[in-house]
Amino acid sequence: MNLKNQFQLEQPIFYKILSNCFESKRIPHAFLLVGENSSMAAHYIAKSLICESGTLACDECNECHRIDNHNYADLIYANGNEETIKKGKIEYIQEQFSKSSLEGKAKIYLLENIENSTSEAMNSLLKVLEEPISGVYAIFTCQNINRVLPTIQSRCQVIQLLPSSKKILIEKLKEKDILKDDIYVLSEIFSSYEECEKYIDTELFDDLKLEVYHFIEDLYFHRENLVINVETHLLKKYKEKENIRLFLNMLVLGLKDLFHVKQNMDLVYPSFKSLFEKISDTEENIIKRIELVLNTEYLLETNANVLLLMDSMMYRI
Ligand SMILES: [Zn+2]
């Protein structure tokens with residue numbers, strides 16, 4: 001799905017406001033996007049200002065890519081989460097944009113997480129916004145609008161973004177009194193509640209979780225049993241591609257948790273934590289293993305023999 005359609009579906013308010021502005025050619029000089037997933041939307045506005053493929057950005061042309069890579073000459077980018085935005089930065093923007101355009105199109109400054117600015121920077125920013133220069137556009141993002149000066153807010157087109165669909169899915173699963181482990185696994189694999197519903201509290205799902213645990217345990221501590229255990233448990237009971245695909249998906253999440261546990265991050269399988277902590281493997285090896293599982297999943301689609309494919313994976317993993 002292209003980015004435009006994705007916004008249309010997942011951020012309908014943002015999409016509507018943006019297309020109205022661009023279609024009527026009444027584009028505000030400043031946008032303020034509110035929400036934790038505002039970065040992609042902010043870049044999309046910047047792309048739409050310079051892309052020539054249509055009213056809104058195509059997200060495919062060279063100009064669009066240059067915005068993503070922050071190497072468009074008339075784009076100044078900063079992120080308050082990486083470094084507090086200081087007065088000097090705003091003065092630099094002012095100075096650069098008083099010169100003539102390098103690219104001959106819109107001049108854009110995109111500042112993410114502007115709540116992380118010093119108060120001097122906020123005041124300078126306000127002054128810049130009070131005297132808009134034709135052809136110069138400001139795009140800001142913030143997670144907490146209460147930390148942005150109301151006088152800045154009032155000079156921007158403020159758009160509140162909706163939480164991401166994954167977050168909505170997790171919230172919905174939480175309401176249903178489902179095990180914490182299952183919520184994370186399901187929300188990583190599926191994108192809608194309807195798909196998850198088929199597996200919640202099923203024997204299949206519980207079995208596969210257990211198989212993931214045993215697979216990883218055997219892989220690292222009883223390598224000699226891996227093939228025979230998988231053949232006599234998992235593959236004896238489940239031969240359908242759909243179920244094996246689900247298992248492989250769940251296995252990848254388990255292997256990724258080996259990274260998460262090292263970095264003290266949240267696990268997809270919190271209850272497997274003590275096993276994962278005992279495993280020492282290099283990042284390089286873990287990545288190779290994940291790639292092998294993903295490749296097996298890919299081959300599964302091409303009508304291969306499930307048993308042969310799984311055997312080949314287990315010998316090579
Ligand atoms: Zn484009």
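Here are some questions and answers about the predicted model shown above.

Reader: Which residues can local features be taken from in this predicted model?
Author: Residues are numbered from 1 along each chain as its sequence is written. As this is a predicted model, totals for chains, interfaces and linings use all residues, side-chain atom pairs count only at pLDDT 80 or more, and local features need pLDDT of at least 70.

Reader: Into which domains is the chain divided?
Author: Domain bounds here come from an automatic or database domain assignment. Taken over C-alpha atoms, the centres of the two parts are 43 Å apart. The parts are domain 1 (3-162) and domain 2 (202-316).

Reader: What radius of gyration does the chain have?
Author: The radius of gyration is taken over C-alpha atoms, and the globule rule is 2.2 Å times the number of residues to the power 0.38. For a compact globule of 317 residues, that value would be near 20 Å. The C-alpha atoms fill a box of roughly 75 × 40 × 40 Å along the principal axes. The chain itself has 25 Å.

Reader: Why is helix 3 described as largely enclosed by the rest of the structure?
Author: Helices (H or I, at least four residues) are DSSP runs, numbered from the N terminus, and helix 3 covers residues 39-50. A residue is buried if 20 or more other C-beta atoms lie within 10 Å of its own, exposed if 12 or fewer, and partly exposed in between, with C-beta atoms placed from the backbone. Among the buried ones in helix 3 are His43, Tyr44 and Lys47. Helix 3 is largely enclosed because the buried residues number 10 of the 12.

Reader: Is Cys58 buried, partly exposed or exposed?
Author: Cys58 sits in the loop between helix 3 and helix 4 (62-68). Leaving aside neighbours within four places in sequence, Cys58 is in contact (C-beta atoms, placed from the backbone, within 7 Å) with Cys51, Ser53 and Cys64. There are 16 other C-beta atoms within 10 Å, so Cys58 is partly exposed.

Terms used: Helices (H or I, at least four residues) and strands (E, at least two) are DSSP runs, numbered from the N terminus. The expected span of a helix is 1.5 Å times one less than its number of residues. Two residues are in contact if their C-beta atoms, placed from the backbone, lie within 7 Å.
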